[in-house]
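The following exercises concern a structure to be examined chain by chain. Each task is followed by a worked solution.

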Amino acid sequence: MPPFKREDYVTTHEVEISHLEDHIHVTPGEVLVPLPDLEKNVKRRTFFMNFTHVIGFLIGLPIAYPILRYLMKPMYAAFDNQWLNVGNVSQIKKEDVGVQFEYKKKVKEVYMPEYEVEKNVWVVRATPELLEKVYQGKDEEFRDSKGTVIWTNKKEIPYVAFSGKCPHLGCAYKWRNHKALGPVFLCPCHLSIYDAAGNVLDGPAPRALDALPVRVSAGGEVEIIDMEFKAGTKAQVRIV
Amino acid sequence: MDSKHSSPATIPDHQPSAIERLVAFLDERVGLKEMQAKMLNEPIPGGSRWAYVFGSILLFIFAMQAVTGTLLMFYYVPTTDHAYDSTQYIIHDVDYGWFLLGYHFWGSSAMVVCVVAHMSQVFLWGAYKKPRELLWLVGLALFGIVITFGFTGYLLPWDQRAFWATTVGVEILDKTPVVGDFIARFLKGGPTPGQMTLSRFFVLHVMILPAALMALAGLHLFLFRVAAPAGPFSGTKEEIRAKTDYFFPRQIWKDMVGMAFVFVGICALALWEPVVLLDQAAPDPGDYHPEPEWYFLFYFQLLRLKIFAGEFGQFLGAVALPAVFMALLVALPFFDKDPERNIFKRPIALISWIAIMVMIVLFTVASVINREFLD
């Protein structure tokens, strides 16, 4: 093996032409590569570079909007204002107590076959005092997406139906006996607590439980319109 | 690699074997040996350490998640009428399906644990400081991807646990001012979780996130090699240079031992704590008390606090707190310009790290204790 000599080897860092910057413009750290002969006739290199970007942008721009619309298709659905039968009031044995009514709702989602989902609603047969706490002297109106009134819950009707969705972050709450507060609606997720009138007693919920349009037939059949409201807002914003 | 072996032609009377000739053929065209030398002969300043194993382990966990995830897709069907049944089929009928699903499930937990360990190591070693700011930023993006992986994968079995974690998780995103409603509907593909949500989470989980993770992990490694490893935070330049080692063999050996530990750990969890589905997803949870995966429990408990009550409180807890935390992590290498890397000379950094870890442990324990009071 011949002896190795350092001066026989260079790294790219060491290829330097001293005082080059005195003769042509060089930015410190810039790497200069000899220009191939064929390239020497090509003018306007910066123009071609910018033109490449413009063409790329022109390809991207017209497909951005169709892609966005494509993905947004199912986001907004019309409200369903059908009355659903959820059970009979004979299930309610005591006044001012939350009773869970479980029911099945038919769901038809775009191309999928129609299927049933289990949902629940809480119904309270209210004493006049509790009714006053729910309605505070005013009938409650419900509107469709255009803002027209589709139903009014009269303040004298003793049956109140609460959506099963907790207004805090959308969990499902239960009727429980609380050590200090007595019988309450309690959400196991983030521990929001509501009284039988739906008002917040404790926990992080921003508003009272959402009362739904409810009507009770002469035979005691309870019907509701299955509405859902956005969780986490002070105001009620209907989303379903 | 011994340099003598790399050039068999210089040894007289040596007839190269078929394999050596094949390697030489490929090497001539691909530059295998140079590539191997680049990969293995990476100098580790100050020598190999057990503390450096987490990056390699994460790569290993991801590879295993990709393998087990691909295998799960042979039977899994991402529709609301078949997701639950196909997952049950994997668990109960397919040979070793329970094991592969269990491995994938516990692998995700291992991923989160190792990401936190990796980030902690980088933070405590001050390795995010100049010139490694971009490495840290890409790492944060990877952290976000890992969390999103966990969140989207959670929905796929379509059981009660899946449904409620998604319902609440998306409601949290909904609290973002101005764009929250759009984001939530965009993710769910409608006002409530359903088929569109499952489709979207599925595409995110098996296509978009893996592609993003591979691209960013590649960039992460590239930036790591450009900046070179940070090395220990104490010792003089001469001491560190004297102990400097190549990646192969000592660090690779430690990494392999770490991977083996993680592999055995995940297998053990898959064996002893196999995945059991709850009832099929429905907007009526029955007796089930919704709860997120264990690594989100501290945050779940945090949102129960009084200061996060009401509309503004919810914005604070659901949006502002995580956003500020992430923004601080992003800004960290840019405001912490002190070149001191020794963690024992950076009291604020040390105290912050301890405080965050203690907070996570305390709130996790609190949420577990709270379970008892719910029934």
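**Exercise 1. Secondary structure of the two chains**

Task: State how many helices and strands chain B has, and how many chain A has.

Solution. The model is predicted. Step 1: in chain B, the assignment gives 14 helices and two strands. Step 2: in chain A, it gives two helices and 13 strands.

**Exercise 2. Dimensions and contacts**

Task: Describe the extent of chain A along its principal axes, and set its radius of gyration against that of a compact globule. Then describe the extent of chain B.

Solution. Step 1: the C-alpha trace of chain A spans about 105 × 45 × 40 Å along its principal axes. Step 2: for 240 residues, a compact globule would have a radius of gyration near 18 Å, whereas the value for chain A is 35 Å. Step 3: the corresponding spans of the C-alpha trace of chain B are about 80 × 55 × 40 Å. Step 4: consider contacts with a separation of 6 or more. In chain A, 51% of these join residues 24 or more positions apart; in chain B, the share is 79%.

**Exercise 3. Burial, surface and charge**

Task: What percentage of residues is buried in chain A, and what percentage in chain B? Characterise also the accessible surface and the charges of chain A and of chain B.

Solution. Step 1: of the 240 residues in chain A, 38% are buried; of the 375 residues in chain B, 46% are buried. Step 2: chain A exposes about 15300 Å², with 60% supplied by carbon and sulfur atoms. For chain B the accessible surface is about 20000 Å², and 72% of that belongs to carbon and sulfur atoms. Step 3: chain A carries 31 positive and 31 negative charges, whose mean positions are 5 Å apart. Chain B has 27 positive and 32 negative side chains, and the centres of these two sets lie 12 Å apart.

**Exercise 4. The setting of B:Asp159**

Task: Locate B:Asp159 in chain B. Is B:Asp159 buried or exposed, and why? Which residues does B:Asp159 touch, beyond those up to four places away in sequence?

Solution. Step 1: B:Asp159 is in the loop between helix 6 (133–155) and helix 7 (160–174). Step 2: B:Asp159 counts as buried because its relative accessibility is 2%, and the cut-off for burial is under 20%. Step 3: leaving out residues up to four places away in sequence, B:Asp159 touches B:Tyr84, B:Leu277, B:Leu278, B:Asp279, B:Gln280 and B:Ala281. Step 4: a polar atom of the B:Asp159 side chain lies 3.0 Å from the backbone nitrogen of B:Leu278.

Technical notes: Residues are numbered from 1 along each chain as its sequence is written. Chains are lettered from A and ligands numbered from 1 in the order in which they are written. This is a predicted model: local features need pLDDT of at least 70, side-chain atom pairs count only at pLDDT 80 or more; totals for chains, interfaces and linings use all residues. Side-chain values use heavy atoms; hydrogens and water are left out. Helices (H or I, at least four residues) and strands (E, at least two) are DSSP runs, numbered from the N terminus. Buried means under 20% relative accessible area, exposed over 50%, partly exposed in between (1.4 Å probe, protein chains only). Contact means heavy atoms within 4.5 Å. Accessible areas come from the Shrake-Rupley method with a 1.4 Å probe; for residues, only the protein chains shown count as cover. Lys and Arg count as positive and Asp and Glu as negative; His and the chain ends are not counted. The place of a charge is taken as NZ of Lys, CZ of Arg, CG of Asp or CD of Glu. A polar contact is a pair of N or O atoms within 3.5 Å; within protein, one must be able to donate a hydrogen and the other to accept it, and residues adjacent in sequence count only if both atoms are side-chain atoms. The radius of gyration is taken over C-alpha atoms; the globule rule is 2.2 Å times the number of residues to the power 0.38.
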